Amino acid sequence: MAKRGLHLSKLTQSSVWKSLQKRLQPFDGLHMRSLFATDPDRFERFSAEACGIFLDYSKNLIDGETMDLLFTLAAQADVEGWRASMFAGERINTTENRPVLHTALRRETDKPLVIDDDDVMPGVASVLAQMREFSDAVRDGSWTGATGKRITDVVNVGIGGSNLGPRMLDKALRPYADTALRLHFVSSAGGGMIGGVLAEAPWESTLFLISSKTFTTEETILNARTARDWLVQQSGGEDALSHHFLAITANKTKATDFGIPAENVFELWDWVGGRYSLWSSVGLSAALAIGMDRFEELLAGARAMDEHFQSAPLQENLPVILAMLGVWYINFFNAKAHAIIPYDHRLSRFPAYLQQVDMESNGKAVDRDGQATDYDTAPVIWGKPGTDCQHSIFQKLHQGTDFLSADFLAAAEPHTPVGDHHKVLLANFLAQTEALMMGNTEDDVRADLESRGASVEETAALLPHKLFLGNRPTNTLLFKRLDPFTMGALIALYEHKVFVQGVVWNINSFDQWGVELGKNLADKMLGDLDNDGPAHLHDASTNGLINRLKEFRRCRGIR
């Protein structure tokens, strides 16, 4: 059935799609407990491993025939052809007429990649060398502030991918970081964030990284100006800017006009999308924290996943497996959300990072041909560290009314071995995926209540509240240790998963026009907020809100 308008896509009218719809019937009323009971080899059949990451996807509502059909659907969409086009640098971002080359940022630099008669790899190698030289200088103390003091604080000023990626890496790789450097992240246009950083940062030893591809991003430039004015006031002049400000941008002219010396500008390219930019000079804050050797281990992990994604058969390909399981639930079970549950507090920013990678990429209702889709695309991505959400997310996963899927992630080894802490963490990690799959039965609940001495009446009253249906699908990703290599492989795994889903759904995963709309409207709103008169150019709600804001601000003496 078409979901939007009358257009019926080739995808939903294809024979493999219709076969997958028919595959739903055998799972109606079938519990995963039965699937495991009748197939002793299920774990071995539905697991795969690559780049140090082990994936168990046996706790899903699938069988061999279903997976074969899902892989056929991927082949029908020409995932392998689109994959080859992306890695070759073809302009698969059709609405912006750009190649998609974030994978070039972690490619071996001695392997040419020619785009429009220009080999992009020497430029990538040059920026990596610049990052190494600079990060080494800051870390060994040879780059100093204007007064000769060693750098102690690094402030990353950026929004979107220029904030989410570096901020996620700061948390994830902190065990490898130089403790002498403190990282701060400023993204919001609200003054509280930049104000809080400036209130505690010593100007003589603080370095600002201004990260904006265009160097016109409103929130970023607003915060950068505030930081620049603060530094000029604190230092007594603009001479200090060369010691304390760097730019990461594709617009060198704008950066130098701002007052940042040309030699302090780190290049970006228009083929680097913001949500994929942490592999580039946008990752400079991470390189400063963990050192360039470790940063290159991060790149190596991503490169290993790139190679796996390009070479492994679809049936053994980790990104493809995750992608097609997502398609199965989103398009055939009507799942609207997918949870990311890491059992490691250092991955607390990973779900937020993946929200941008997934929803900004595939949150679209128009296909590459400009037609409205008659199928759902990106789910809502949500989640947080496992033990932190056992009293929130897990309640909904176990007994809520929505059908949801989830990925669980854990390392076998802790970075900080303390008593039995990690063993207890892993016990909870394993127990939750088993509980989500197994659930319990009325007999289980009744036997438990009776063993506790509950009366017949109490048992009858409590039974429905203690019943867990189970049959909730999960993927489990295990790795030995959360080190830079593994972190790089994990991020690339999810990048490629999202890419595969975009190919299957016939959408352009590499533009973000919905983001641009809000930015454009915000620019117009500034004029309305500056105007002393009542707003009248918008709808009644927006006019009313603008006028009420002005009233509140006037009461506080704020213009």
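## The largest cavity

Nine nonpolar, seven polar and three charged residues make up the lining of the largest cavity. Here Ala, Val, Leu, Ile, Met, Phe, Trp, Tyr, Cys and Pro count as nonpolar, Asp, Glu, Lys and Arg as charged, and the others, Gly among them, as polar. This is a predicted model, where local features need pLDDT of at least 70 and side-chain atom pairs count only at pLDDT 80 or more, while totals for chains, interfaces and linings use all residues. Residues are numbered from 1 along each chain as its sequence is written, and side-chain values use heavy atoms, with hydrogens and water left out.

So what's a cavity? On a 1 Å grid over the protein atoms alone, it's a set of points where a 1.4 Å probe fits but cannot get out, and lining residues have an atom within 4 Å of a point. The largest cavity has a volume of about 130 Å³, volume being the space filled by probe spheres set on the points, which are joined across faces, edges and corners.

## Who lines it

Of the 19 lining residues, Leu325, Gly326, His338, Ser405 and Lys497 lie nearest the centre of the largest cavity. Helix H15 (318–332) gives the most to this lining, with five residues. Strands S10 (337–342), S12 (405–411) and S13 (474–479) and helix H21 (484–504) each supply at least two. Helices (H or I, at least four residues) and strands (E, at least two) are DSSP runs, numbered from the N terminus.

## The second largest cavity

The structure holds five cavities of 30 Å³ or more. The lining divides into six nonpolar, three polar and one charged.

Terms used:
On a 1 Å grid over the protein atoms alone, a cavity is a set of points where a 1.4 Å probe fits but cannot get out, and a pocket is an open set with protein on both sides within 12 Å along at least five of seven lines; lining residues have an atom within 4 Å of a point.
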